Every structure is written in structure tokens, then in C-alpha cells.
Amino acid sequence: MDPRELRLAVARLENEKRRLLRKEFLQLDIPLGQGQPRLLECLLRTGPRTQRELGEECGIDVSTLSRSVDRLVEAGFVTRTQDPACRRCQKIALTESGRLAAERVAARFKKLDARFRAALSEEEARQLLEYLNRLYQSLQNPAWEDSE
């Protein structure tokens, strides 16, 4: 097997997923890029979160998250308020228009999830998830970054 095949297959899958969702989110006037749809869906599912909690929940790094939240605030989809439990922290919460947008995003994600699941049996889906998690963990290995 060509060593590039796995990396290219993952990239193709991600690109196609983005293409499909981009078209749908543009039709819904949902801000794109930097994970904004994912943030909306996450806030709908979990309720208000600090930026750190939101980043951890959604798998988005803090610097990207800050820009993404700025864009969602500008679009009127979320608000930032001081967290009463931590004066240095702000809670990110959906506005009413953000909740409506998040519901549309969640419906699109559910549709995409169904397409993924239709291509695989339950066992195949479980195995694929195990393999993808293993690949993810291998990329988090600090020793890999030090190797040439």
C-alpha cells in the first residue's frame, strides 16, 4: 500500500464533508469556517459554556475559538457574559437567533451522520471509529513531533 493513501483518503473525506455542509450552511446564512457550525451545535446540545469548555467539547484550539466566537457574536448568534463562578471567564450562550440557527445546523449534521452510517454496518462503524481514534492518538504522541 502506498503510504500516502490513508492520509489522502482522510483528506478526501474531510473535503467532501465540508463541500456538502458548506452548500447547506450558505443556504441557511450560517457563518462558515473556523468551526462556527460545530460551536452552534455544541451550545445547543450543552448549554452555555466558558470558551475553554467549549473548545474542549468541540475540539477547537483556543486561538481559533476566540475568532470563531467573535464572528458568532458579530452575527448575533451568541453572547458573551461574565461567568459568576470565575471573574476571568466568560460564558458563551446562544441568542434566540443563534438557537434557531443551531437547530438548523444540528439537523444538517444529523443528516450527514445518517449518510455516514448508511454506508457501514454497526460493526464496521464501531471498527472505523476505533481506528480513527487510534490514528488521532498517534498524532498526539509528542515523540512523533521530535522525529525527523
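Is Arg80 buried or partly exposed? In this predicted model, where local features need pLDDT of at least 70, side-chain atom pairs count only at pLDDT 80 or more and totals for chains, interfaces and linings use all residues, Arg80 is partly exposed, because its relative accessible area is 27% (buried means under 20%, exposed over 50%, partly exposed in between, with a 1.4 Å probe and protein chains only). Residues are numbered from 1 along each chain as its sequence is written, and side-chain values use heavy atoms, with hydrogens and water left out.

Arg80 forms a salt bridge with Asp70, their closest N and O atoms being 2.8 Å apart (the term requires a side-chain nitrogen of Lys or Arg within 4 Å of a carboxyl oxygen of Asp or Glu). This pair links distant parts of the chain, with Asp70 in helix 4 (residues 62-74) and Arg80 in strand 2 (residues 78-83), 10 residues apart; helices (H or I, at least four residues) and strands (E, at least two) are DSSP runs, numbered from the N terminus. Asp70, at 30% relative accessibility, likewise counts as partly exposed.

The structure holds 15 salt bridges, including one between Arg99 and Glu96, whose closest N and O atoms are 2.4 Å apart. Because Arg99 and Glu96 lie 3 residues apart in helix 5 (residues 96-118), about one helical turn separates them. In helix 6, Glu123 and Arg126 are also 3 residues apart and so separated by about one helical turn, and their side chains meet in a salt bridge (3.5 Å, N to O). Both belong to a network of salt bridges that also links Arg117 and Glu122.
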